[in-house]
Amino acid sequence: MSDLFRTCRVLLLTLDPVHIGTGGYRLGRVDNSIVREPGTKLPKIPGTSLSGAIRTYAAYRYESPDCAGQGNESKATDYKGHCGEKDCPICYTFGSLKTQTDNDKQQAHAGVVNLFDAHILFFPVYSLAGPVWVSTYQRLRDWKVLQSKTDRFHLEDKHFATSLQNWDKPLNLGWIMLEKAEQTEMPALEIPFREENQENRKAWQAIQDQLVLVTDKVFTQVVNSNLEVRTSVAIDPTTGAAQEGALFTYEAIPRATWLVMDVVEDDYRWERDQEGKPKLENGKLKTAFPVTKESKIRKKPLNWDDPLKVVRAGLKLIEVLGVGGMGTRGFGRVRMITDWSVGDEGASNG
């Protein structure tokens, strides 16, 4: 048991296709491929992409734009770099790198939150029964969204389990046709919703009766066979037609995909006594930053008595400004549906 760190699980929903490129071309189905998990070949949104976007958008919301970015001061662009102040929500939450002008020495502080990769939880596929969302039992168990665990749940590669009402026929998931498993029912799922996220519960309720479970082996095939693939071409301004040799294809995680990620608050900057133990204030750990109206950074600072609130502030703008590439072409918007605490490491919803 420890009060020094908390694990927060975040449920995300893609509002647009999301393209996180690998940074180069390859021969195959598409020219520009997206990032995948090496072991499973399943697409994901890397924590590095999320961290950069969340920090930048949080800096917008807390009126500290210079605290976004890498922090190195640039006279060419008039970028001042990170402020490095302990009452700055951006520098405290995500870390800072400040160069001292008198001796050019750098003073760095690590952030107090760790943002991990976002993995696919439910993947949308069109079928004979209409749109369905596909997942696996192992994936639901690993992310702890099952109401009760059981070791009796078993599927073969040719079978599926579903929450579809009165559906006993075979079901196609893209080009793959599967048979319904006999005596294997869809397990009950439970996703906690914070009070301020109750409106998003409607999105979860809309797909609860359209879930399909398959094996992990089949899941990889279903996902990679049903990614969104688009073709783009540059336009020659002199002719107004497609430019020769400028045709390329790229793939993306499709709209209406549900993803889940973990955010860990590891606040090593608690105020400590002479013995190195964290100080307590009214029975709670005392933070090292002063939350006062006389902030040195902002005239009207937003409430940020918890670093996780700063993360949520950044996630809120991802719903508008997006993450990843192709943002000017209608890609990248992701909505935070809800978040909840997991484990028993002194966690709370915050």
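How many helices and strands does the protein chain have? The chain has 6 helices and 19 strands. The model is predicted.

**Overall picture**

The protein chain holds 350 residues, and buried residues make up 47% of them. Its accessible surface comes to about 18900 Å². Carbon and sulfur atoms account for 48% of that surface. Contacts were also sorted by separation along the sequence. Among those between residues at least 6 apart, 69% join residues at least 24 apart.

Most residues other than glycine have a negative phi. Two loop residues deserve a look here.

Asn166 is not a glycine, yet its phi is positive, at about 55°. Where does Asn166 lie? Asn166 is found in the loop between β10 (159–162) and β11 (171–173). Is Asn166 buried or exposed? Its relative accessibility is 78%, so Asn166 counts as exposed, because the cut-off for exposed is over 50%.

Gln183 is not a glycine either, and has a positive phi of about 60°. This residue is found in the loop that runs between β12 (176–180) and α4 (201–207). Gln183 reaches 85% relative accessibility and therefore counts as exposed.

The table sets out the values for both residues.

| Residue | Phi | Relative accessibility | Loop between |
|---|---|---|---|
| Asn166 | about 55° | 78% | β10 (159–162) and β11 (171–173) |
| Gln183 | about 60° | 85% | β12 (176–180) and α4 (201–207) |

Key
Residues numbered from 1 in each chain as written. Predicted model: local features only at pLDDT ≥ 70, side-chain atom pairs only at ≥ 80, totals over all residues. Heavy atoms only, no water. Helix = DSSP H or I, 4+ residues; strand = E, 2+ residues; numbered from the N terminus. Buried < 20%, exposed > 50% of the residue type's maximum accessible area, 1.4 Å probe, protein only. Contact = heavy atoms within 4.5 Å. Areas by Shrake-Rupley, 256 points an atom, 1.4 Å probe, with all protein chains shown as cover.
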